[in-house]
Structure formats: C-alpha cells, structure tokens
Amino acid sequence: MDLIDTRHLSVGQRLVNVNLNLVAGEMLGIIGANGAGKSTLLHCLAGIQPYQGNIRLAGTPLASIAERQRAQQLGFLPQSSHSAWALSVRDVISLGRLPWGDTNAEAIAQAAAAAQVQDWLDRQIDQLSGGQQARVWLARVLAGQPRVLLADEPVASLDLFQQQNVLRLLRRYAQSGRGVMLSIHDLSLAARYCDRLCLLHEGQLLAIGTPAEVLTGQHLQQAFQVDAHIDLDSDPPIIIPR
Amino acid sequence: MARLITPALLALLLVTALASLSVGSTSVAVLAGLADFLTGQSSLDAIVIGEVRLPRTLIALAVGAALGLSGAALQGLLRNPLAEPSLTGASQGAALGAASVFYFGLFPGLGAAAPGVAGLIGAAIALLLMLALAGSARSHMVIMAGLAISTLCGAALATVLNFAPNPYAMQELVFWLLGSVSERGLEHLWLLLPALLVGSALIISQRRLLSGLSLGDQVARSMGLNYRNGSIMIVLGAAMLVGSSVAVAGSIGFVGLLVPHLLRPLVQHRPERLLIPAALAGAILVCLADIGVRLLPPGQELKLGVLTSLLGAPLFIWLVWKERKRWI
C-alpha cells in the first residue's frame, strides 16, 4: 500500500490537481522552479496548509486522522529553522518527541547519532554553525521516528560535504522501510539520491517517475526555460544548464 | 540546577511572606497572631496580622505571581524576550476602568472594592476589543492590536485626568495608578484570586504549545499542536492575570518584563519550564518591594509601582548593555 497518496490535491492557483504517491522505502524528490508549488505541496502533507482534494496516509484519509496522530506519522522539516531561545541541542532534539508526549531517550540518542550531533548535546543551538544547526533540526524530526519524513529544501544552505551527508542520511532513513519526500533544487543531487522525481510547473504536476523519465531536455525546457546538458549515465549524474 | 529552582523559590517565597507579616509600624507576634486569626480569636495580634498584614502580603504575592507568569507566557508565545504583560492592552483597560470609578463614582455600593471591579470590567472590554481587532493570535497582530487598544485606553485615561472633577479626585486617581498593595482588604484578594486561578490554568494548559513554539509556529503546527486556539488561550490567560492585578493594585512596572528574563538561563531557556519559577519569583519580588516600601522612613509613602520601576529601570539598562556587548 502507498504511504502517501494524493488525489486532485489543489490549493488555489498555487497547486492544481496534483496526483502522486509515495511507497514505503522510497525517496521521492520534488523538483521545479521557484514558485512551482514544492513547498505548498509539502505544507499540505505536513498539516499546516488547508487544501482541496484527498490525501491518504497509508490508506486512511488524512483529514480523518487526529492532529497528534498525524504528527506522529508525518515529520516535517521546514525550509529554514530558527530557535527563539538558546536551547541546548538535547532539548531541541527532544522537541521531536512532542507529538508522542514522551522523552524516549533511546529515540533521541538514535536520532542524535544518525545526524552525527551526539558530541554537542549539551551545547546551545545558537553557538553552532549553520551546517551544524541543519543537522540538529534534522535530528529533531528523526527523533519523532515518523513513517514519512517531509523535508523542504534540506540541503539548500549547506556545503558540498554536508549536502552529501544529509542526503545519504535521508536515503538510509527511506531504505529502512519508511518514506522520504523532499524538495530540492540541485537536479544532479536529485538524480543521484532520489528513487523517483516529481516535477512541478506552475502548480501542476508536469512529470513523475524515475530520474530518467523526468529529467528530459523537453521537461527541463518547459519547467525551467533552460537548455540543459543531461548525462544520467555518468557517475554521479550531471544536469547543468548549457 | 533546573530541578532545584522551583523548590528553592518556594522556600524563598515562604521566608519572604513571613518577613512581610512581621514588618510594620507595631511589633506583633507573627505566628501567634496568625494562629489566633485562623482560629477566630480577636486578640490585638490577630487583628494586626489578619486584617492588615495578611491581606497586604497575599495581595502582593498574588499580584507578583500574576505579573511574572503572564510575562513568561507572553514572551514564550510571541517569542520575544521584550514582550510585556501590558502588551495585551488589558492593563491600560483596567486602569481606565478603575479611573472611571474615581471620576464617575461608579459602583458606590462596593466601597473600596469598586476600583477593582471596574478595573476587571475595563480589562475584559480592552481584551475583547484587542482580540476582535487582531482577528487571530498571530504574534505581530497581537502586538499591533494591543498597542492600538493600549493607546486608546491611555488617551481616554488622559481625558479623565484632564477633566478630573476636583484636585482630590485627581490625586487619588494618580496615586492609585502608581500602584500599591496597601490599604487593601481580603475582599480585594477574592477579586484577584478567581482571575489568577483561571488565567494560570489557561496558560499552564498550553505548556506543550509554548515548548513547540520555540521552533516557530510552522514547526509547532506540524507537530500537531493547535496554534490558533492555544495562542488565544495564552493571550486570554495573560490578560486575565494582568488585568486583575492592575485592577486591584494599580500598575506595577517591570516585574512581568524582567522576572522571566532573569530566570531564563536558570531553566535552560525552556519557555514551558519558565512559567512556574517566573510566577514564584514575581511573587517574591513584589512582596520584597512592598517590604521595602514599609521599611522606608514614615511620611509621604513611596508607592510600590514607583519603587519597582526605580529598581527595574537600572536593571533593564544593564540588560540592554549586556545585550549590546554581544553584538558589538
């Protein structure tokens, strides 16, 4: 059964009649130009954006699931995170347990280890660099052990090393039988790490399928208005505008 | 450290309360007087403690707790360390309500409790206007609408002062506005207590929301927390607390702003853990300030609100200075 299944998902003009699915063990990349509706799509799934249409979570309509149960199943990592207070890294990660209402020490330790932040647990979040903070925000979502992890541009502000780190971590998370849906701008990274891609254009679903099916010259021309050099056979895959 | 803070503050609160009962112009046996009062005997000690010092002490504690708790809650909700209880407009509304008593002679049947009752009504009206204007409890809308309603009430208050019927009414009004817990009886405490209990319960029921809001309202909502209803509860609770305390004791500045700010490092900056310690420390601070007022040489009384502002302002300047060093 699909972990996520959307039917006729619409949000005004920002998202129009989007049908897609996410299967267990899969990493699905949402790509598209700025304003194409990537964040809006993730916000609908994360329960912070009202929508028309149907979303099913493992077969159950999302609208019929209580907020808290929904939050236990769907973890959301927003595009930019910020802590209003100088919380310790440990406290930030424990916030991921809020939907469960517990402080599952094992889940928190696992999340910290997976995101490689276990050495800074007692440091204050505002004393870490941007890249280090990004790993802590991710650890916060991992601590909730969601069945589906939604990440809005998780690698946008990271250096090359951290980008790889985060994407490998998300891939491992997906392969453990859960699902990951992330929006991403770097098409080479998308082709390399995602099992399937979903290309949005002006709120509509332009293409969904394997990287080879979606990353065609014609699609990229239509979605980004660029003529791109596409070489998916090289390792790693290369997609750059000419 | 964080675990010890609440018991330590509770112990300090008890000591402060006992000290407050024993400070005054006549010397009385505190514990004996208290025991006599509670068992209904009418000794001199019982009258001094029960009729004068106990209400004063309890009101100081309740007002301080209300200000500290509402400050901590609003700073957590608005994610702004400079948020202040009066931001909701409720304190100006309460001041206006009470001022109307002095001006129009409202509720003559209620006697000394009339300013308190009118203050509560004023706070409630200001709060409803603020929420209606803000439309939601989004933080910037609450700040803007609160400022607008505060300004409106402030203007109305200035008008009342401007057209005060006689100099005595005006003096009485101004002194009342300066903030004090003296010459209040237990009937004032009964006005304050229900609002204190309901307001605190509303705020404390939203601890998880305050905790989740540390990472912003998007994250809080994605974690299944009801931001819309929860934030209205917090604003409502805070306004009840500050409205009722201003209604009973006038405006007592800086407590709601400074107490949460000073305690935050002691609770690892966690907004939900700040609530109870801020209430306790607020209670201690206002009670200590009131003891200070009573220890000053007799003559023209220094008002409690004036003393807290005199002490609070330098502390605030020091905080600004410390913050400035972080950025330069």
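Guide: Let us begin with a charge over a ring, which requires NZ of Lys or CZ of Arg within 6 Å of the ring centre and within 35 degrees of the ring normal. Here B:Lys303 lies over the face of B:Phe175, 5.0 Å from the ring centre. The model is predicted, so local features need pLDDT of at least 70 and side-chain atom pairs pLDDT 80 or more, while totals for chains, interfaces and linings use all residues. Residues are numbered from 1 along each chain as its sequence is written, chains are lettered from A and ligands numbered from 1 in the order in which they are written, and side-chain values use heavy atoms, without hydrogens and water.

Visitor: How many aromatic pairs does a search of the whole structure find?

Guide: A pair of aromatic rings is described by the distance of the centres and the angle of the planes. Rings of Phe, Tyr and Trp (its six-membered ring) pair if their centres lie within 6.5 Å; planes under 30 degrees apart are stacked, over 60 edge-to-face, and the rest tilted. The search over all chains finds 1 aromatic pair. B:Phe254 and B:Phe316 form this tilted pair, with 5.8 Å from centre to centre and 55 degrees between the planes. B:Phe254 lies in the loop between α11 and α12 of chain B and B:Phe316 in helix α14, so the pair ties together parts 62 residues apart in sequence.

Visitor: Which residues of α4(B) are buried?

Guide: Buried means under 20% relative accessible area, exposed over 50%, and partly exposed in between (1.4 Å probe, protein chains only). Helices are DSSP runs (H or I, at least four residues), numbered from the N terminus. In α4(B), 12 of the 15 residues are buried, among them B:Leu96, B:Val101 and B:Phe102. These buried residues pack against α5, α6, α7 and α11 of chain B. Just after α4(B), B:Gly105 takes a positive phi of about 65 degrees.

Visitor: How many salt bridges are counted between chain B and chain A?

Guide: A salt bridge is a side-chain nitrogen of Lys or Arg within 4 Å of a carboxyl oxygen of Asp or Glu. The count between the two chains is 1, and the side chains of B:Arg270 and A:Asp91 meet in a salt bridge at 3.0 Å, N to O.

Visitor: What area do chain B and chain A bury between them?

Guide: Buried area is the accessible area (1.4 Å probe) that two parts lose on being put together, summed over both. Chain B and chain A bury about 2,100 Å², 60% of it on carbon and sulfur atoms. In chain B, B:Leu215, B:Ser222 and B:Met223 lose the most area to chain A, together 30% of what that side buries.

Methods: Helices (H or I, at least four residues) and strands (E, at least two) are DSSP runs, numbered from the N terminus. Contact means heavy atoms within 4.5 Å.
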